[in-house]
Amino acid sequence: MKEEEEAYNHYLMSHLLDSYTDKLRFIECDEAWEQIKYHMKKFKESKYYVIDHSMYESIEAYVKTL
């Protein structure tokens with residue numbers, strides 16, 4: 001279950017970065033994956049990473065600050 005949650009969180013980050021920023025639009029897949037991993041790490045270190053809140057809303061709030 002933990003791996004499935006982590007995969008879903010990476011998907012959310014990818015989707016929201018693509019929706020709210022240009023960070024993934026003009027780069028290759030490998031570079032996009034590195035951006036997603038970078039922002040997941042930053043997100044988990046941020047004030048927006050709150051376990052008992054909706055992960056979608058938490059990641060969305062983080063991405064909107066970029």
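**Notebook: surface, fold and His39**

I looked up the surface first: the chain exposes about 4800 Å², and carbon and sulfur atoms supply 51% of it. Accessible areas come from the Shrake-Rupley method with a 1.4 Å probe.

I note that this is a predicted model, where local features need pLDDT of at least 70, side-chain atom pairs count only at pLDDT 80 or more, and totals for chains, interfaces and linings use all residues. Residues are numbered from 1 along each chain as its sequence is written, and side-chain values use heavy atoms, without hydrogens and water.

Next I looked up the fold. I find three helices and zero strands in the chain, in the order α-α-α from the N terminus. Helices (H or I, at least four residues) and strands (E, at least two) are DSSP runs. The radius of gyration is 11 Å, close to the 11 Å from the globule rule for 66 residues, so the chain is as compact as a globular protein of that length. That radius is taken over C-alpha atoms, and the rule is 2.2 Å times the number of residues to the power 0.38.

Of the 66 residues, 29% count as buried, meaning under 20% relative accessible area with a 1.4 Å probe, protein chains only. Among contacts (heavy atoms within 4.5 Å) between residues at least 6 apart in sequence, 49% join residues at least 24 apart.

Last, I looked up His39. His39 sits in helix α2 (residues 29–45) and is buried, at a relative accessible area of 5%. Leaving out residues up to four places away in sequence, His39 touches Met13, Leu17, Lys23, Tyr62 and Leu66.

Definitions and conventions. Buried < 20%, exposed > 50% of the residue type's maximum accessible area, 1.4 Å probe, protein only.
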